[in-house]
Amino acid sequence: MDKPRAPRNTGYLDPQAGSLEPQVGYPGSHAGYPVPPADYPVADQSSIPVSDQPEHTQPGEPAGVPWMPAPPRPLNCPPGLEYLTQIDQVLIHQEVKLLKVLLDFQSKNKYEIKNSFGQKIFLAVEDTDCCTRNCWEALRPFTLRILDNTGREVITLERPLRCTSCCFPCCLQKIEVQAPPGVPIGYITQTWHPFLPKFKIQNEKEEDVLKICGPFFVCNCFGDVDFEIKSLDEQNVVGKIAKQWTGLYREAFSDADNFGIQFPVDLDVKMKAVVLGACFLIDFMFFENCGGLEPIIGVW
């Protein structure tokens with residue numbers, strides 16, 4: 001008699017588990033998107049790995065790194081964002097560059113974006129020139145291209161050159177999030193505050209949806225740094241972006257960072273993508289230099 005097979009780890013939430021309660025405190029929560037009809041045009045997913053293909057790598061990548069299986073794309077969901085529909089946690093790991101460690105030379109940032117099971121969802125690659133990176137460093141404008149497992153660009157982040165000083169409250173940090181590339185779906189805008197780093201999550205119409213509030217003392221010394229995701233009235237915490245402590249040696253000699261993102265599982269998938277973009281803005285503003293070991297206290 002054959003032994004029953006253990007359930008396979010697909011990287012998705014089990015709707016029967018009941019371990020996640022819908023969050024409250026944010027407008028327009030979505031319990032889920034309807035499955036498109038049979039004749040609804042969707043992207044060709046023949047090259048996307050399914051659950052029977054536990055591993056898939058792009059050319060030049062190390063073998064053995066599993067990718068998250070592609071779920072069906074819901075109606076009105078931008079192509080590629082279907083990976084975010086059924087998850088409430090994202091892990092971001094920045095690649096360590098030897099050139100940065102040895103020579104303090106700014107090279108292009110590259111990140112792996114994973115689900116809570118360690119399966120890769122996306123790759124994020126910075127698109128800037130050498131002069132911009134080394135002249136402006138952490139303040140630099142950039143285009144960040146987020147790719148799926150086939151190399152298709154599914155999300156584009158555009159950061160213009162702006163200030164971070166309290167002397168210029170009308171020209172603070174901002175990122176535009178596009179999905180697919182060229183189609184804005186939301187914005188992250190820095191909010192002036194005398195003591196705290198604050199941001200607004202906005203939809204494609206630049207209407208406020210959520211807020212992000214960071215700590216007064218931004219320093220990644222021997223512990224995580226949490227930026228809370230809050231409702232518009234700031235009375236409910238619905239998630240967080242956490243800069244994770246990775247050890248003294250790595251933090252001291254590298255600016256390669258690890259982040260964890262938590263958001264409501266039923267949050268609009270476009271807003272999940274915008275929260276993802278907020279994490280990259282926070283990384284550049286506070287942790288791109290010195291890995292966050294240098295304490296930052298100031299007027300935001």
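# Close-up views of a predicted protein model

The protein has a mean pLDDT of 76, and 64% of its residues reach 70 or more; pLDDT is the predictor's confidence in each residue, from 0 to 100. This is a predicted model, in which local features need pLDDT of at least 70 and side-chain atom pairs count only at pLDDT 80 or more, while totals for chains, interfaces and linings use all residues. Residues are numbered from 1 along each chain as its sequence is written, and side-chain values use heavy atoms, with hydrogens and water left out.

View 1. The protein contains four helices and 12 strands. These elements are DSSP runs numbered from the N terminus (helices: H or I, at least four residues; strands: E, at least two). Of the 300 residues, 45% count as buried. Buried means under 20% relative accessible area, exposed means over 50%, and partly exposed lies in between (1.4 Å probe, protein chains only). A contact means heavy atoms within 4.5 Å. Among contacts between residues at least 6 apart in sequence, 52% join residues at least 24 apart.

View 2. Over residues 3-22 the pLDDT stays under 50, and the model has 25 contacts beyond four places in sequence for them. Residues 291-300 also have pLDDT below 50, and this stretch has 43 contacts in the model beyond near neighbours in sequence.

**View 3. The largest nonpolar core.** This core has 54 residues, of which I92, I146, I155, I241 and F280 touch the most other members. Helix α4 (residues 269-287) gives the most to the core, with 15 residues. A nonpolar core is a set of buried Ala, Val, Leu, Ile, Met, Phe, Trp, Tyr and Cys residues joined through side-chain atoms within 4.5 Å. Not counting residues up to four places away in sequence, I155 touches L81, L144, R145, I146, V177, Q178, A179, A273 and L276.

**View 4. M271 and its contacts.** M271 lies in helix α4. M271 counts as buried because its relative accessible area is 4%. Leaving aside neighbours within four places in sequence, M271 is in contact with I185, I201, Q202, N203 and V209. The C-alpha atoms of M271 and Y187 are 9.3 Å apart in space, and the two residues are 84 residues apart in sequence.

View 5. D127 forms a salt bridge with R145, the closest N and O atoms being 2.9 Å apart. Here D127 in strand β3 is linked to R145 in strand β4, 18 residues apart. D127 counts as partly exposed because its relative accessibility is 33%, and R145 counts as partly exposed at 29%.

**View 6. Further salt bridges.** K200 and D208 meet through their side chains in a salt bridge of 3.9 Å, N to O. K200 is partly exposed, with a relative accessible area of 24%, and D208 is partly exposed at 32%. Elsewhere, a network of salt bridges links E112, K114 and K120.

**View 7. Aromatic pairs.** Seven aromatic pairs are found in a search of the whole structure. Rings of Phe, Tyr and Trp (its six-membered ring) pair if their centres lie within 6.5 Å; planes under 30 degrees apart count as stacked, over 60 as edge-to-face and the rest as tilted. Y83 and F122 form an edge-to-face pair, 5.8 Å centre to centre, with 75 degrees between the planes. Y83 lies in the segment before β1 (89-94) and F122 in strand β3, so the pair ties together parts that are 39 residues apart in sequence. Both Y83 and F122 are buried. Ring pairs also link F227, F259, F286 and F287 into a cluster.

**View 8. Charges over rings.** A charge sits over a ring if NZ of Lys or CZ of Arg is within 6 Å of the ring centre and within 35 degrees of the ring normal. K174 lies over the face of Y187, at 4.9 Å from the ring centre. K243 lies over the face of F287, at 5.6 Å from the ring centre.

Conventions:
A salt bridge is a side-chain nitrogen of Lys or Arg within 4 Å of a carboxyl oxygen of Asp or Glu.
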